[in-house]
Amino acid sequence: MNPFLSELPAFLIKEGGLNSGLMIAHVTAASLVSENKVLVHPSSSDSVSTSAATEDHVSMGGFSARKTLEIVQNVETVLAIELLAAAQAMTFHKFTTTEPLSKIYNFVWENIEKIDKDRVFCFDIEKLRQMLQEGKVKFSNLHQNLFRSVNLNVVFYIFQLWELVSEHVEKYIQDEN
C-alpha cells in the first residue's frame with residue numbers, strides 16, 4: 001500500500017489524505033499476523049508435572065486445538081483483507097488479466113460495494129471472510145504462474161494452505177459438536 005513500491009495510490013484510495021482507504025485494514029491484517037506468531041508457540045513447552053509428579057507431561061492438546069482454530073480464523077480475516085485489497089488494487093490498473101483472476105475480481109465487486117471513499121470496512125471484510133469460509137471463493141484451481149505478473153506467489157501459497165487447513169478445522173469443529 002506504499003505508492004513508492006507499488007505505483008498505486010496510497011492505501012488504495014483516490015484522494016488520499018482526505019480518505020485513509022484500506023490503511024486500517026492493513027494495520028488489522030498486520031496485527032492478526034503478529035498475533036498468529038504468538039499463537040504458534042508450542043503449548044507443550046508449557047507442560048507441567050501433574051498427579052503428584054506421576055505424570056511428567058501434559059500434552060495440552062485441547063489448548064493447542066483452540067489456538068489452531070483461532071489461528072485459522074485470523075488467517076481467514078487476513079485473506080479477506082488481502083482479497084479486498086487485491087481487487088481494489090486491480091481497479092487502478094487498466095490491464096488485461098487472466099480469466100480466473102477476472103472471475104475473482106468480479107466476484108468481489110458483485111458482493112462488495114466498490115471503494116471510492118472511506119467507509120466502515122469491517123462488514124465487507126467479514127462478508128468476504130464468510131464467503132471464503134463457505135468455499136464460495138476457490139483459489140486451488142489457479143495456477144501459480146497467474147500470480148507472477150503481480151508478484152503474489154506468497155499469497156497464492158497462503159490461499160492454498162488455507163484451503164487445506166480449513167477443511168481439517170471444519171471437520172474438527174463438526175466432531176466437537
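The model is a predicted one, so local features need pLDDT of at least 70 and side-chain atom pairs count only at pLDDT 80 or more, while totals for chains, interfaces and linings use all residues. Residues are numbered from 1 along each chain as its sequence is written, and side-chain values use heavy atoms, with hydrogens and water left out.

Salt bridges come up first. The term covers a side-chain nitrogen of Lys or Arg within 4 Å of a carboxyl oxygen of Asp or Glu, and the count comes to four. One of them joins the side chains of E76 and R129, with 2.9 Å from N to O. E76 sits in helix α3 (residues 61-91) and R129 in helix α5 (residues 122-133), so this pair ties together parts that are 53 residues apart in sequence. (Helices are DSSP runs of H or I with at least four residues, numbered from the N terminus.) E76 is buried at 3% relative accessibility, and R129 is buried too, at 13%. Here buried means under 20% relative accessible area, exposed means over 50%, and partly exposed is in between, using a 1.4 Å probe and protein chains only. E76 and R129 also belong to a salt-bridge network that takes in E126.

R119 pairs up with D124, their closest N and O atoms being 2.7 Å apart. R119 is partly exposed at 23%, whereas D124 is buried at 11%. Then there is the bridge between E134 and K136, at 3.1 Å from N to O; both of these residues are exposed.

Now for the packing. α3 meets α5 at an angle of about 115°, their axes 8 Å apart. Axes are lines fitted to C-alpha atoms over the stretch in contact, and angles run from 0 to 180 degrees between N-to-C directions. That makes α3 and α5 roughly perpendicular, a label for angles of 65 to 115 degrees. On the α3 side the contact (heavy atoms within 4.5 Å) includes E76, and on the α5 side it includes R129, the two partners of the salt bridge described above.

α3 also packs against helix α4 (residues 99-111), at about 105° with the axes 10 Å apart, and these two helices are likewise roughly perpendicular to each other. Among the residues in this contact are L83 and L84 of α3, along with Y105 and W109 of α4.

Note on methods:
Angles under 35 degrees count as roughly parallel, over 145 as roughly antiparallel, 65 to 115 as roughly perpendicular and the rest as oblique.
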